[in-house]
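Thanks for coming. I will go through one model today, starting with the sheet and then turning to the helices and a few single residues.

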Amino acid sequence: MENTHPTGEFDPVQMIRLMSGNGHNRLIGVKYNAHGTGWAELRLPYNSALVSDASTGILASGPIFTMMDMATSMSIWLKSGRFQPQATLDLRIDYLRPAEPGKDVFGRGECYHLTRSIAFVRGQAHDGDPDRPIAHVAGTYMFTAGA
């Protein structure tokens, strides 16, 4: 998969461009927002097609989970500085409250520890105020190259 910058480092902007053209990410419209060493932040634009209950306008939990899986995955590649094939071993999400109808949702994933074969991640989703999170995530990924 081509996802490196001409300097050889992992390029999250190019990766999100590739991933948002396929599968779930294309359907939900996830966008790149920001990144740093070991973290990535994505944005899920509000879309009425992703609402779980038309009477409330509240986004379904599935698109938020998909965005957080992608944000935490990208944080691993940013921490290691390169793309490595990986599988999600565990990703738990605790929903704290519903997203406010009409607002975009932001998801920030952070890789806080890497071993030779496992990556440990955490993250948070919010709809504009990081001090009022919608959800927290925690998980582990396993590198699959050579498996």
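**The sheet and what packs on it**

The six-strand arrangement is what I begin with: an open sheet of 6 strands, ordered S1-S2-S6-S7-S8-S5, with antiparallel pairing. Two strands pair if DSSP finds at least two bridges between them. The edges are strand S1 (31-36) and strand S5 (86-95); each has a single partner strand, so one side of each has no neighbour in the sheet. On average, neighbouring strands of this sheet are turned by 20° against each other, with direction ignored.

Before going further, the ground rules. This is a predicted model, in which local features need pLDDT of at least 70 and side-chain atom pairs count only at pLDDT 80 or more, while totals for chains, interfaces and linings use all residues. Residues are numbered from 1 along each chain as its sequence is written, and side-chain values use heavy atoms, with hydrogens and water left out.

S1 and S2 run antiparallel and are joined by 5 bridges. Within that pair, Ala 34 has Glu 41 in S2 as its bridge partner, and His 35 has Ala 40 in S2. The hairpin of S1 and S2 has 2 residues between the strands, and in it Gly 38 takes a positive phi near 85°.

Next, S2 pairs with S6 over 6 bridges, in the antiparallel sense. Arg 108 stands opposite Gln 124 in S7. Gln 124 in turn has His 136 in S8 as a bridge partner. Strand S7 (residues 118-126) and strand S8 (residues 135-143) run antiparallel and are joined by 8 bridges. In that pairing, Ile 118 stands opposite Met 142 in S8.

Two helices pack on this sheet. H1 touches S1 and strand S2 (39-44), and its direction makes about 155° with that of S1. H3 touches S1, S2, S5, strand S6 (105-114), S7 and S8, and its direction makes about 40° with that of S6. Contact means heavy atoms within 4.5 Å. Axes are lines fitted to C-alpha atoms, for helices over the stretch in contact, and angles run from 0 to 180 degrees between N-to-C directions.

**The helix pair**

How do H1 and H3 pack, at what angle and how far apart are their axes? Helix H1 (residues 12-19) and helix H3 (residues 61-80) make an angle of about 145°, and their axes are 11 Å apart. The crossing of H1 past H3 is right-handed. By convention, a crossing is right-handed if the near helix is turned clockwise from the far one by less than a right angle, and left-handed if anticlockwise.

Which residues meet there? From H1 they are Pro 12, Met 15, Ile 16 and Met 19, and from H3 they are Met 70, Met 74, Trp 77 and Leu 78. This contact has 8 nonpolar residues, no polar and no charged. In that count Ala, Val, Leu, Ile, Met, Phe, Trp, Tyr, Cys and Pro are nonpolar, Asp, Glu, Lys and Arg are charged, and the others, Gly among them, are polar.

Gln 84 sits in the loop between H3 and S5. Is Gln 84 buried or exposed? Its relative accessibility is 11%, so Gln 84 counts as buried. The classes are buried under 20% relative accessible area, exposed over 50%, and partly exposed in between, with a 1.4 Å probe and protein chains only.

The side chain of Gln 84 makes a polar contact of 3.4 Å with the side chain of Ser 80, and another of 3.3 Å with the side chain of Arg 82. A polar contact is a pair of N or O atoms within 3.5 Å; within protein, one must be able to donate a hydrogen and the other to accept it, and residues adjacent in sequence count only if both atoms are side-chain atoms. Leaving out residues up to four places away in sequence, Gln 84 touches Trp 77 and Phe 143. Trp 77 was already named among the H3 residues that meet H1.

Gly 62 lies in helix H3 and, at 38% relative accessibility, counts as partly exposed. Gly 62 and Asn 25 are 37 residues apart in sequence, with 11 Å between them in space, C-alpha to C-alpha.

Last, Pro 98 is in the loop between S5 and S6. Pro 98 is also partly exposed, at 47% relative accessibility. Pro 133 lies 35 residues from Pro 98 along the chain, and their C-alpha atoms are separated by 9.5 Å.

Note on methods: Helix = DSSP H or I, 4+ residues; strand = E, 2+ residues; numbered from the N terminus.
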